[in-house]
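Subject: Structure handover

Hello,

Please find the structure below, with the sequence alongside. My notes on what was found follow it.

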Amino acid sequence: MKKRSVLKLLFHILMWWPLFSGCIDEESFPNSPRGNFEALWTLIDEHYCFLDYKKIDWDAVHQEYRRFITSDMNSENLFEVLSNMLAELKDGHVNLSASHDLSRYWNWYLDYPRNYDESIVEKYLGRSYRISGGAKYTILEDNIGYLTYTSFSTGIGEGNLDQIMSYLAVCNGLIIDVRNNGGGLLTTADRIASRFTNERVLKGYIMHKTGPGHSDFSEPEPIYIEPSERIRWQKRVCVLTNRHCFSATNDFVNTMRYFPQVKIVGDKTGGGSGLPLSSELPNGWAVRISGSPMLDADKQQIEFGVEPDIYVQMDDADKANGIDTIIETARKYLSSPE
């Protein structure tokens, strides 16, 4: 039987620090339904970083799912069983990838109100909005700047940000709408956040697994956001959020809330604070799991999201009239006396 090659763990520091790569001691698993099941279960058992935090009895999960494994099952049935087992982790960063499908856990936002309507956002942008990098921005009629950024996978340069800051400098306040931003590059998120602080700010901590035990972690290492040396925003800001703010966006919102002139407005973010690592099963299926937990500045977990300062949801009557309740709440706040 074919044996698994050395297990490669590629830490996707979602484009924030340089890519880390490493190996763990090899365990041999045969390329059979049972072998692939045991390989995946062991990978989670030894390297997934939230088993204790989420109070998951992984041994019980093993007992539950191994009874579905048979020696003659086909690859699609095996994929279904393994995908269902991974869903027990309730983690949007966890995926199993085969040639025919990609497993995913999306209930972290599907089970909640959407709090976003692209067609209404387009009305606020109008027809003459500007586009720079991944940002769309304009000045609303009450002299409030509005910037929407729907994916940190779309890069933005320092020159782009200089132009945006200069154009919006006349505004009395700024709305940054990251609703429905599912994440992407942490470097992009930090590049934008650095334009809103004049000093070095502690934004959180990171830990790394140091052994196979569920609680084998390094001491928390501090993470700071440094102020940009370019044009920086000095006025009040509202960051708009919903449950679809995930991964790098969750980190961006966590960072921005530590700046005194910033308010988070909307719904709780979707979370996703575990930095992913990748591996491969004996049959070649790719696996991605959360490997290193990130904490906030108080050393609290943000895997399940960041709470807003001003909690508000879309009102159905407003929505029917083409009004975005969350944008309007932010405009009202920014237009009020400080």
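Two terms come before the sheet: strands are taken as paired if DSSP finds at least two bridges between them. Helices (H or I, at least four residues) and strands (E, at least two) are DSSP runs, numbered from the N terminus.

As for the source, this is a predicted model, in which local features need pLDDT of at least 70 and side-chain atom pairs count only at pLDDT 80 or more, while totals for chains, interfaces and linings use all residues. Residues are numbered from 1 along each chain as its sequence is written, and side-chain values use heavy atoms, with hydrogens and water left out.

The sheet

Strands β11 (residues 262–266) and β14 run parallel and are joined by two bridges. One of the residues involved is Val265, whose bridge partner in β14 is Ile310. Both strands belong to an open sheet of seven strands with mixed pairing, in the order β4-β5-β6-β7-β10-β11-β14. At its edges are β4 (130–132) and β14 (310–311), each of which pairs on one side only. Helix α10 (residues 325–335) packs on this sheet and touches β6 (144–149), β7 (173–177), β10 (237–241), β11 and β14; a contact here means heavy atoms within 4.5 Å. The direction of α10 makes about 165 degrees with that of β10. Axes are lines fitted to C-alpha atoms, for helices over the stretch in contact, and angles run from 0 to 180 degrees between N-to-C directions.

A pair of helices

Helix α1 (residues 33–47) and helix α3 (residues 75–87) have axes that come within 11 Å and cross at roughly 15 degrees. That makes α1 roughly parallel to α3, since angles under 35 degrees count as roughly parallel, over 145 as roughly antiparallel, 65 to 115 as roughly perpendicular and the rest as oblique. The crossing of α1 past α3 is right-handed; the term applies if the near helix is turned clockwise from the far one by less than a right angle, and left-handed if anticlockwise. On the α1 side, Pro33, Asn36, Phe37, Leu40, Trp41 and Ile44 meet Leu78, Leu82, Met85 and Leu86 of α3.

Two loop residues

Most residues other than glycine have a negative phi. Lys55 is not a glycine, yet has a positive phi of about 55 degrees. Lys55 sits in the loop between α1 and α2 (58–66) and is exposed, with a relative accessible area of 75%. Lys90, also not a glycine, has a positive phi of about 50 degrees. The loop between α3 and β3 (95–97) holds Lys90, which is partly exposed at 48%. Buried means under 20% relative accessible area, exposed over 50% and partly exposed in between (1.4 Å probe, protein chains only).

Ile225

Ile225 lies in strand β9 (residues 221–225) and counts as buried, at 3% relative accessibility. Leaving out residues up to four places away in sequence, Ile225 touches several residues, including Asp190, Ala193, Val201 and Phe259. Ala193 is 32 residues from Ile225 along the chain, with 7.8 Å between their C-alpha atoms.

Cysteines

A search of the whole structure finds zero disulfides, a disulfide being a pair of cysteine sulfur atoms within 2.5 Å. For Cys171, the closest cysteine sulfur is that of Cys238, 13 Å away and too far for a bond. For Cys245, the closest is again in Cys238, at 14 Å, also too far for a bond. Cys171 counts as buried at 0% relative accessibility, and Cys245 likewise counts as buried at 0%.

Regards
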